[in-house]
Amino acid sequence: MLGVLVAVAFTFLGLLAITFFIGRVVPIDPVLAVVGDRAPRAVYEAVRIEMGLDKPLIVQFFHYVGNVLTGDLGMSVSTGRPVAEDLARVFPATLEMATIGIIIGVALGVPMGVYAASRQGSLVDQVIRVVGLLGYSVPAFWLGLVGLALFYAKLQWVGGPGRIDIFYDGIIEPVTGLLLIDSLLAGDIEIFVNALTHIALPAAVLGFFSLAYIARMTRSFMLDQLAQEYVTTARVKGVSERLVLWRHAFRPILVPLITVIGLSYAGLLEGSVMIETVFSWPGIGNYLTTALLNADMNAVLGATLVIGAVFIGINKISDVLYRVLDPRAR
């Protein structure tokens, strides 16, 4: 346990170093983002000293690490609020959408991969492989725009851009930050249904991309297991095909499959920038995009740090589950 904590600490320190030094070498002047390009030289220098940018890089880095460890990510130029406060406000929206997306991906992708492997070379297998190929090749923003045009503008099956209709905004008091859960806690079914119609399409688009990856990897793992001798022996003994697939062949792939699902989930949390932009979703991806356009380096570094920390956390959780499911790894 101590070794795991030490590894996490060093990984997080490395993440801090990477985000900090990348933030210092990009061609964006954080001082100009604050004072503007028409500020007098004296004002520019005063703000530069106040921000600590006159000190050596290594001193700035240790100052940055100290601030991060105390929860201080600086002030956002775009919003005028602490970055930590902004991230606490926007991250639950991304978490909610990505969680529903990964549930869709797992619920559909795993059975599709198992069925495709059991029918290798059949028409169903070919169709599932094409779906996986589309998930890798279709641009996310294009699929989002097509989904809005068809299911929102044309058929009106789902809600439009945004997390909720404007006249419902601000009615529910945030408890968890997850609007679906908060509306249920408040007992407001009308707002719950409205929020559900808004999240359905962007979560489904994210779910499609995770589905494609999970189905493809599940199929690959299952093909390897179905070629093993113990599976052939089970079939010769007359074990039903359903038991052969789900009890004999599927159980051994749970360990690598958990890693695949974990990486896919982290990818949805990190890679939802285009989806959030298309759907005007007030999550961390949209926040990061706005910060980049406004040269708001504190917000950019803070959001990058949170995304990196999520990757670290999910990887460590996957490692723990790996050890739980496979005693040989303990």
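Which residues in α5 meet which residues in α12? Thr 94, Leu 95, Ala 98, Thr 99, Gly 101, Ile 102, Val 106 and Val 110 in α5 meet Leu 257, Ile 261, Ser 264, Tyr 265, Leu 268 and Leu 269 in α12, where contact means heavy atoms within 4.5 Å. By class, this contact holds 10 nonpolar, 4 polar and no charged residues.

The model is predicted, with local features needing pLDDT of at least 70 and side-chain atom pairs pLDDT 80 or more, while totals for chains, interfaces and linings use all residues. Residues are numbered from 1 along each chain as its sequence is written, and side-chain values use heavy atoms, leaving out hydrogens and water.

Helices α5 (residues 83-118) and α12 (residues 254-270) pack at about 145 degrees with axes 9 Å apart; helices are DSSP runs (H or I) of at least four residues. Axes are fitted to C-alpha atoms over the stretch in contact, with angles from 0 to 180 degrees between N-to-C directions.

A pocket is an open set of points on a 1 Å grid where a 1.4 Å probe fits, with protein on both sides within 12 Å along at least five of seven lines; lining residues have an atom within 4 Å of a point. A volume is the space filled by probe spheres set on the points.

| Pocket | Volume | Lining by class |
|---|---|---|
| Largest | about 690 Å³ | 15 nonpolar, 7 polar, 5 charged |

In the largest pocket, Arg 24, Met 51, Gly 74, Met 75 and Asn 298 lie nearest the centre, and α4 gives the largest share of the lining, 5 residues. Helix α5 gives the most to the lining of the second largest pocket, also 5 residues.

Definitions and conventions. Helix = DSSP H or I, 4+ residues; strand = E, 2+ residues; numbered from the N terminus. Nonpolar A, V, L, I, M, F, W, Y, C, P; charged D, E, K, R; others polar.
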